[in-house]
Amino acid sequence: MSLLVKICGLSTRETLQTALDAGADMVGFVFFPPSPRHVSLETGRDLGRQVKKRALKVALTVDADDATLDNIMDALSPDIFQLHGQESVARLRDIKQRFGRPVMKAVPVAAAADLAVLPGYAAVADRILFDARAPKDATRPGGLGEPFDWHLLENLDLKLPYMVSGGLHAGNVVEALRVTGAGGVDVSSGVESAPGVKDPEMIEAFIRAARATQELSVR
Ligand SMILES: O=C(O)c1ccccc1NCC(=O)[C@H](O)[C@H](O)COP(=O)(O)O
């Protein structure tokens, strides 16, 4: 199965176009106002039109209520909801049933004990995104540019597709894939020149580096 590459936190036409032209499989849009990558519904609608099925549109939310998800459905019509808050297994099931879209559950990782939630989520989610657990005083649960110990995923027995994220960049993505065996990678800070400011050349370099693993058959 080929590697999935997700560029997350896109917020401008220019950088979205760069990600699409560089071959991103997934493009993520953050609907979380405290984030420097937050996009309005109007921007989400505009950027969503630009994707034109060249990649999967991922709507990233944090403990969003149904009204918020309804608005995002209307604006972006996402291919996947990425649930990056403390959503319960029951909430995942509820969202899948209500919106008829696949869900990717973000699982914060700092220690092996964090993986104890997997059986519950794996029974409902369509894919898992492993991300570095945010510090207690963080203003957001993701997009912080810090990795976790990828070796925690070395002996993972997960029947579900999963992605690795957290502090990835062009210089470490091959190692992250080698250690974790993940089927996908996700990046935000590692392709930015400043928080929320995506850099076209960094986007291209990240995707190039990630794709190189397919030739190296690192995974
Ligand atoms: O990106 C954000 O600002 C964000 C805000 C709130 C919840 C999640 C967020 N990002 C989630 C992602 O999917 C990021 O790509 C992932 O956390 C990796 O981020 P980074 O370490 O900056 O590459």
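This is a predicted model: local features need pLDDT of at least 70, side-chain atom pairs count only at pLDDT 80 or more; totals for chains, interfaces and linings use all residues.
**View 1. Strands β6 and β7 side by side.** Strand β6 (residues 127-132) and strand β7 (residues 162-165) run parallel and are joined by three bridges. Leucine 129 stands opposite methionine 163 in β7, and phenylalanine 130 has valine 164 of β7 as its bridge partner.

**View 2. Strand β6 and its pairing with β5.** How much of β6 is buried? Five of its six residues are, so the strand is largely enclosed by the rest of the structure. With β5, strand β6 pairs in the parallel sense over six bridges. One place to look is methionine 104, whose bridge partner in β6 is arginine 127. As a reminder, strands of a sheet pair through backbone hydrogen bonds, either parallel or antiparallel.

View 3. Eight strands form a closed barrel with parallel pairing, in the order β1-β2-β3-β4-β5-β6-β7-β8. From one strand to the next, the twist averages 25°. Helix α4 (residues 89-99) packs on the sheet, where it touches β4 (80-83) and β5 (103-109). The direction of α4 makes about 160° with that of β5.

**View 4. Leucine 4 in strand β1.** Leucine 4 lies in strand β1, which spans residues 4-7. Is leucine 4 buried, exposed or partly exposed? It counts as partly exposed, because it has 19 C-beta neighbours inside 10 Å, while a residue needs 20 or more to be buried. Setting aside neighbours within four places in sequence, leucine 4 is in contact with Asp25, Met26, Met163, Gly183 and Gly184. Another residue to look for is arginine 211: it is 207 residues from leucine 4 along the chain, yet their C-alpha atoms are separated by 9.1 Å.

**View 5. The shell around the ligand.** Which residues come nearest to the ligand? Of the 26 residues around it, these are Cys8, Ser35, Gly142, Gly143 and Ser189. Sorted by class, the shell has nine nonpolar, 13 polar and four charged residues. Strands β2 and β8 (184-187) each supply at least two residues of this shell.

**View 6. The two sides of helix α1.** Thr15, Leu16, Thr18 and Ala19 are the buried residues of α1. Seen down the helix axis, they fall within an arc of 155°, so they line one face of α1. Turn to the other side of α1 and you will find Arg13 and Glu14, which are exposed. After the helix comes glycine 23, with a positive phi near 95°.

View 7. Helix α2 covers residues 41-51, and its residues Gly44, Leu47, Gly48 and Val51 are buried. Why do these four sit on the same side of α2? They cover an arc of only 110° around the axis, which puts them there. Glu42 and Arg49 are exposed on the other side of α2. The buried residues of α2 pack against several elements, namely α1 (13-21), β2 (26-30), β3 (56-61) and α3 (66-76). Lysine 52 follows α2 and has a positive phi, near 50°.

**View 8. Where α2 meets α3.** The axes of these two helices, α2 and α3, come within 8 Å and cross at roughly 35°. From α2, the residues in this contact are Leu41, Gly44, Arg45 and Gly48, and they meet Asn71, Ile72, Ala75 and Leu76 of α3. By class, the contact has four nonpolar, three polar and one charged residues.

**View 9. Proline 119 in helix α5.** Proline 119 is found in helix α5, which runs over residues 118-122. Is proline 119 buried or exposed? It is exposed, because 10 other C-beta atoms lie within 10 Å and a residue counts as exposed with 12 or fewer. To place proline 119 in the fold, look for leucine 158: the two are 39 residues apart along the chain, and their C-alpha atoms are separated by 8.5 Å.

Notes:
Residues are numbered from 1 along each chain as its sequence is written. The arc is that of the directions from the helix axis to the C-beta atoms. Two residues are in contact if their C-beta atoms, placed from the backbone, lie within 7 Å. Two strands pair if DSSP finds at least two bridges between them. Axes are lines fitted to C-alpha atoms, for helices over the stretch in contact, and angles run from 0 to 180 degrees between N-to-C directions. A residue is near a molecule or strand if its C-beta atom, placed from the backbone, lies within 6 Å of it. Ala, Val, Leu, Ile, Met, Phe, Trp, Tyr, Cys and Pro count as nonpolar, Asp, Glu, Lys and Arg as charged, and the others, Gly among them, as polar.
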